[in-house]
Amino acid sequence: SFPTRRSSDLAQWIGPGQEHMAALVKELALTPFPQHCAGTKVLSVGGRRSTYKRDIPSLPLLGLLDLDRTIKKLEAMARTVPLADPGQAPRAREWDAMTVETWKRKSVLTADARALVDVAVQSIFSAEPAEVSLLHCLWVLHAGGGLMKLSTIQGGAQQTRLREGFQTVAERLAEELGGQLRLSAAVRAVVQSDDSVTVHHCRGTVRGQRVILAIPPTLAGRIEYEPALPVARDQLTQRMPMGSVCKCVAVYERPFWRERGLSGEAVCDRGPVRITFDDSPPAGDGEHGALVAFVLADGLRELRELDVGGRRKAVISALVQLFGPQAGEPLDFIEQDWGAERWSRGCYFGLMPPGTLSRYGAALRTPCGRLHFAGTETAERWMGYMDG
């Protein structure tokens, strides 16, 4: 039978180069399995539905050439951004003064290629191109091995899933801490003295020599600090909103799309759903099928105007357009909007609009007295991913 899904299990992929997570999976004796990708993929751009087999979607010739040129150009630019200090990139101030949207309008020539650049940015950043600094975009691309690696399955960031679900990694690590892990204890204030730090939370206090804040900058900015944090750090936390993404999983009696030679992958530039993947359990774990659909950025903001039933109807309708009438009859439907979670407020990571990285990026990792900052936003590799 298809296992009960927890919202925490919806972090679901690792890929080549994500050595920290791969080592944890091995150490904890968990069971990885490959993301299903056999078959053709569905592409819907400009209202035209087609299928393709390779990683780059099949477009009319001019659009295809333009897309290939754009990908190569972005990846070449990204390699010039230093991972340890992106503000030292040769064109850092210039690139940080514009959004990806501004660059796209100047540099991408065809409507089809522009549409797919939009989908790529929405998928990686859970934001619109107009919301993200070009410098921040290039930094994240470099940290993840390039646009194609972040966008693909085989050899890419979506290559491997975990039979037990990745929440199991956190649970196993928590077990090793015994009684030291305190849950339901939201931190309200952090007070530093000359020789210690006191953390005030909703169930009491904790005192220590150092504090590591491994939460998104925007959430760290909601804690009260005494003495106040330096201006640069405070300004940074005011400028790093979380992305907007909702994962919707539709569960079916069987993975019917495979019978038609489809992989379950889809890319769409219109409607609420931008990308989908086959989310079925591994072979031997039952015959149920599942599709995971990503609702992103403006698409999610529009969907939030609907009630639960309206959101479900809109997503299933999009799946029907991509995969046919059988997609309209799921056995179950799971929706996870991290923006609605009090202690997440969005996903996958903190974004940097124009002017943020070049001016305040140095404060991202710089300790403030006895306070140290960690979390995926501070990573030099795989920021925004579990490995980061």
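**Close-up views of a predicted model**

**View 1. Strand β10 meets β14.** β10 and β14 pair in the antiparallel sense, and six bridges hold the pairing. The model is predicted. Ala250 has Phe333 of β14 as its bridge partner. β14 spans residues 332-337 and stands at an edge of its sheet.

**View 2. Strand β10 meets β13.** β10 covers residues 245-252, and β13 covers residues 289-296. The two strands run antiparallel and are joined by eight bridges. Two facing pairs can be picked out in this view. Val251 sits opposite Ala290 of β13. Tyr252 sits opposite Gly289 of β13.

**View 3. The two faces of β10.** In a regular strand, side chains alternate between the two faces of the sheet. How do the residues of β10 point? Val245, Lys247, Val249 and Val251 point one way. Cys246, Cys248, Ala250 and Tyr252 point the other way. Is β10 mostly covered or mostly uncovered? The strand is mostly covered, with eight of its eight residues buried. That includes Lys247 on one side and Tyr252 on the other.

**View 4. The seven-stranded sheet.** Seven strands make up an open sheet with mixed pairing. Their order is β3-β2-β11-β12-β13-β10-β14. Which strands stand at the edges? They are β3 (48-52) and β14 (332-337). Each has a single partner strand, so one side of each lacks a neighbour in the sheet. From one strand to the next, the twist averages 20°.

**View 5. Helix α13 on the sheet.** Helix α13 is made of residues 308-323 and packs on the sheet. Which strands does α13 touch? The helix touches β2 (40-45), β3, β10, β11 (262-268), β12 (273-278), β13 and β14. The direction of α13 makes about 115° with that of β11.

**View 6. Strand β5 and its two partners.** β5 takes in residues 187-192, and β6 takes in residues 197-201. These two strands pair in the antiparallel sense over five bridges. They form a hairpin, with four residues between the strands. Gln192 stands opposite Val197 of β6. β5 also pairs with β9 (residues 224-226). In which sense do β5 and β9 pair, parallel or antiparallel? The sense is parallel, and the pairing runs over three bridges. Val190 has Tyr225 of β9 as its bridge partner.

View 7. Leu61, Leu62 and Leu65 form a nonpolar patch on the surface. Together they have about 350 Å² of accessible area. Leu62 belongs to helix α2, which runs over residues 61-78. Is Leu62 buried or exposed? Its relative accessibility is 65%, so Leu62 counts as exposed. Asp66 counts as buried because its relative accessibility is 4%. Arg69, at 33%, counts as partly exposed.

View 8. Side chains of opposite charge can pair when their charged atoms come close. Glu259 forms a salt bridge with Arg254, and the closest N and O atoms are 2.5 Å apart. Glu259 has 53% relative accessibility and counts as exposed. Arg254 has 37% and counts as partly exposed. Arg258 and Asp278 meet in another salt bridge, at 2.9 Å from N to O. Which parts does this pair tie together? Arg258 lies in helix α11 (residues 256-259) and Asp278 in strand β12, so the link joins parts that are 20 residues apart in sequence. Arg258 is partly exposed at 33% relative accessibility. Asp278 is buried, because its relative accessible area is 0%.

**View 9. A network of charges.** Which residues are linked in a network of salt bridges? They are Glu101, Lys104, Arg105 and Asp118. For the model, the count comes to 15 salt bridges.

How values were computed. Residues are numbered from 1 along each chain as its sequence is written. This is a predicted model: local features need pLDDT of at least 70, side-chain atom pairs count only at pLDDT 80 or more; totals for chains, interfaces and linings use all residues. Side-chain values use heavy atoms; hydrogens and water are left out. Patches are made of residues with over 30% relative accessible area and no salt bridge: like charges are joined within 9 Å, nonpolar side chains (Val, Leu, Ile, Met, Phe, Trp, Tyr) within 5 Å. Accessible areas come from the Shrake-Rupley method with a 1.4 Å probe; for residues, only the protein chains shown count as cover. A salt bridge is a side-chain nitrogen of Lys or Arg within 4 Å of a carboxyl oxygen of Asp or Glu. Buried means under 20% relative accessible area, exposed over 50%, partly exposed in between (1.4 Å probe, protein chains only). Two strands pair if DSSP finds at least two bridges between them. Axes are lines fitted to C-alpha atoms, for helices over the stretch in contact, and angles run from 0 to 180 degrees between N-to-C directions. Contact means heavy atoms within 4.5 Å.
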